[in-house]
Amino acid sequence: MSNDLDIRNLHVSIEGKPILKGLDLTVEQGRIHALMGPNGSGKSTLAYTLMGHPAYDVDEGEVWFQGENILELAPDDRSKLGLFLAFQYPVTIPGVSVANFLRLAMNARQTDGKKIAIPAFRKLMLDKMKLLDMDPSFAGRYLNEGFSGGEKKRAEILQMAVLNPTIAILDETDSGLDIDALKIVANGVNTLMNPDMGILVITHYQRLLNYIKPDVTHVMLDGRIVMTGGPELAEELEAQGYDWVRQQVGLAEPVIDVELVEE
Amino acid sequence: MTLTTTSMRAALTHDTLDDLIRRGLASADPRQGRAAAFAAFAAADMPRLERTDLSKVHLDDFHLVVEAGDLPADIRATTRSEDHEQRAGLFVQSNGEIVHAQLNPALAARGVILGSLSQATTTAASKAAKRLGSVVRADEDKLTALNSAFWTGGLFLYVPRNVAIEAPVQVVFHADVPGGAVFPRVLVIAEENAAVTILEETISPVGDTPLLAASVTEVIVGPNAQVKYIHLQNWGDNAIAFITQRADVGRDAAINWTHGILGASLMRSFTESRLGAEGASTEMLGVQFGSGNQHHDIFTLMNHVAPLTDGDLLFRGVLRDRARSVFEGLIKIHPGAQDANSYLHDNTLLLSKEARADSIPSLEIEANQVRASHGATVSEIDEDWIFYLQTRGLSRAQATRAIVDGFFEPIMQRITLESVQDRLREAFDRKLDA
Ligand SMILES: Nc1ncnc2c1ncn2[C@@H]1O[C@H](COP(=O)(O)OP(=O)(O)OP(=O)(O)O)[C@@H](O)[C@H]1O
Ligand SMILES: [Mg+2]
């Protein structure tokens with residue numbers, strides 16, 4: 001049984017329109033992968049599909065995690081297996097406080113059916129809030145209601161910190177963060193990162209990758225991974241833009257997978 | 001039809017009424033106008049409601065039930081304990097009979113009365129007899145007339161001047177005879193500067209044969225007095241319930257109505273705060289949860305008769321399965337009611353495609369210097385909310401529960417009594433599990 005997330009030949013469509021067109025990607029435990037690609041190339045589609053959003057139809061392919069093809073599983077079962085997504089656009093849940101929500105989420109994954117003791121939970125939550133430099137008053141606020149863009153992103157990472165996933169997908173967690181917040185959040189992610197965790201960081205900007213250093217960088221175009229490289233690929237991309245990638249992989253022709261062997 | 005005095009069941013006829021009076025169960029004091037009420041009942045048609053079909057309700061199908069039935073164990077247990085911290089008093093009526101009426105002796109010593117409305121109205125000169133029927137008239141419609149003709153037992157609660165009662169007065173109306181008709185009747189008088197909270201719950205076992213409950217509640221709120229009336233409508237899901245509640249609110253006085261609308265197969269409620277003196281105010285809070293084939297038709301009226309009166313209404317409903325709700329909220333501001341403020345908000349959340357809600361807030365404003373607004377929304381549960389919560393490990397059912405709890409939260413926060421919050425949350429859980 002592997003804790004790696006192994007995506008094989010994934011084809012996904014929305015309302016009949018193909019978005020992912022044969023995507024292969026493996027996120028290993030203990031490694032950070034960056035995923036970059038132009039707007040609309042399908043990055044969030046990949047993230048939602050991995051979590052099991054009902055609007056995304058899987059036409060072909062498999063996703064293996066913890067010894068199972070998780071495409072058959074409900075989103076909550078995927079979560080309980082250790083998969084986590086920090087949303088690009090977090091959802092507001094009126095009337096549900098951050099603390100209450102985190103407690104529900106923690107209780108949902110207690111295998112013995114017992115509930116986590118309130119003092120233990122409070123301590124855990126407050127520790128993690130401190131890690132992310134969040135004011136304790138946040139715990140009492142309704143989830144994402146009236147949160148600023150940056151606060152929402154921070155609240156996503158707070159959830160990651162509390163749930164301690166095996167594989168975490170961060171979908172543009174840097175967008176909406178000011179430079180100080182970016183450092184704090186990145187530092188939080190680095191603190192959470194450990195040899196048993198794998199992270200897929202979806203981003204448009206090198207500035208996040210300056211703080212969360214990827215081991216591997218992938219470029220996505222039109223629903224596929226078209227290039228894979230080391231951390232320097234992200235820098236190259238920032239300097240040269242996606243037209244350079246298109247030229248590299250042959251713009252007019254069907255996109256080619258560039259297989260890079262990792263050490 | 002002739003009726004023997006031992007008969008438990010009798011048609012809703014004039015003979016039955018005569019028999020009730022003969023047996024001393026319904027006092028025949030002319031002020032109560034039993035005969036006139038019956039005549040009004042016989043003459044009136046069933047109310048015609050725009051969105052609720054009452055044509056299938058045949059009142060002839062039901063028979064009067066007077067004798068007390070079997071109370072549920074938890075209520076029986078409550079009647080055995082005298083916890084004056086928890087409650088100021090306890091009144092329990094089963095079918096047409098009062099089975100328990102008890103008041104904290106310290107309050108009785110201060111002139112508070114809690115007891116049988118029938119007894120309180122036997123002499124025409126009594127406070128109760130003078131006010132009974134003055135807030136809700138017998139001939140308002142067929143159902144108020146029916147109640148006014150046939151009610152027995154009944155609660156009379158009297159709070160004298162300057163007496164503030166801390167703990168709630170608990171009131172239970174119970175019914176348990178299939179095919180039976182019950183007529184809960186309440187009269188509350190809070191004199192000047194008095195304060196009291198009433199927590200009424202109406203209950204009946206679940207069953208297949210319908211049961212009819214037509215209730216009338218009258219509340220008189222004296223100058224500067226404060227009354228909070230919490231009403232948990234928990235009739236079994238075979239009940240057909242007609243509810244008429246009105247408060248006459250005096251100068252600088254306040255009535256809070258808090259509704260938990262949970263039970264009955266078909267319910268029509270009419271709740272009014274008549275703000276007849278300067279500075280009178282009302283708050284109306286409601287949570288409603290419909291499941292199965294339940295139909296709840298809720299009508300509220302914040303009636304601003306006098307100047308400087310305030311109204312604030314917040315109702316929220318959740319519907320699942322094929323449940324149906326109608327909410328009509330009216331703000332009425334009379335020509336003399338300058339400087340009135342009135343706000344009304346109603347929101348409904350649909351958990352299924354087959355559920356349906358109509359929300360019709362309306363304003364009738366005849367004064368020119370007022371502030372009033374209303375808003376209503378009906379929305380379906382958002383799949384993206386469910387998905388988001390699921391990605392954190394909550395099952396669909398747990399996610400739905402979290403969303404429903406969150407939806408009711410703004411009202412729960414305004415229901416300050418913890419015991420009531422707990423009762424409501426239990427009821428929501430039960431409804432979500434069903
Ligand atoms: N729910 C949806 N309904 C219809 N089309 C959708 C939906 N979600 C995504 N798409 C389409 O799928 C394509 C990929 O979108 P996706 O959000 O995955 O892109 P992205 O790579 O995350 O872009 P960005 O960098 O802007 O976040 C786009 O053309 C988008 O319009
Ligand atoms: Mg995206």
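The lining of the largest pocket divides into eight nonpolar, eleven polar and nine charged residues; Ala, Val, Leu, Ile, Met, Phe, Trp, Tyr, Cys and Pro count as nonpolar, Asp, Glu, Lys and Arg as charged, and the others, Gly among them, as polar. This is a predicted model, where local features need pLDDT of at least 70 and side-chain atom pairs pLDDT 80 or more, while totals for chains, interfaces and linings use all residues. Residues are numbered from 1 along each chain as its sequence is written, chains are lettered from A and ligands numbered from 1 in the order written, and side-chain values use heavy atoms, without hydrogens and water.

Of the 28 lining residues, Asn100(A), Arg103(A), Leu104(A), Arg401(B) and Asp405(B) lie nearest the pocket centre. A pocket here is an open set of points on a 1 Å grid over the protein atoms alone, where a 1.4 Å probe fits, with protein on both sides within 12 Å along at least five of seven lines; lining residues have an atom within 4 Å of a point.

H9(B) gives the largest share of that lining, ten residues. Helices are DSSP runs of H or I, at least four residues, numbered from the N terminus.

Now the ligand. Around ligand 1 there are 15 residues, with Gly40(A), Lys43(A), Ser44(A), Thr45(A) and His204(A) the closest; near means a heavy atom within 4 Å. A polar side-chain atom of His204(A) is 2.8 Å from a ligand 1 oxygen, and a backbone N or O atom of Gly40(A) is 2.9 Å from an oxygen of ligand 1. Polar contacts are pairs of N or O atoms within 3.5 Å.

Terms used: Polar contact = N/O pair within 3.5 Å; in protein donor to acceptor, adjacent residues only side chain to side chain. Helix = DSSP H or I, 4+ residues; strand = E, 2+ residues; numbered from the N terminus.
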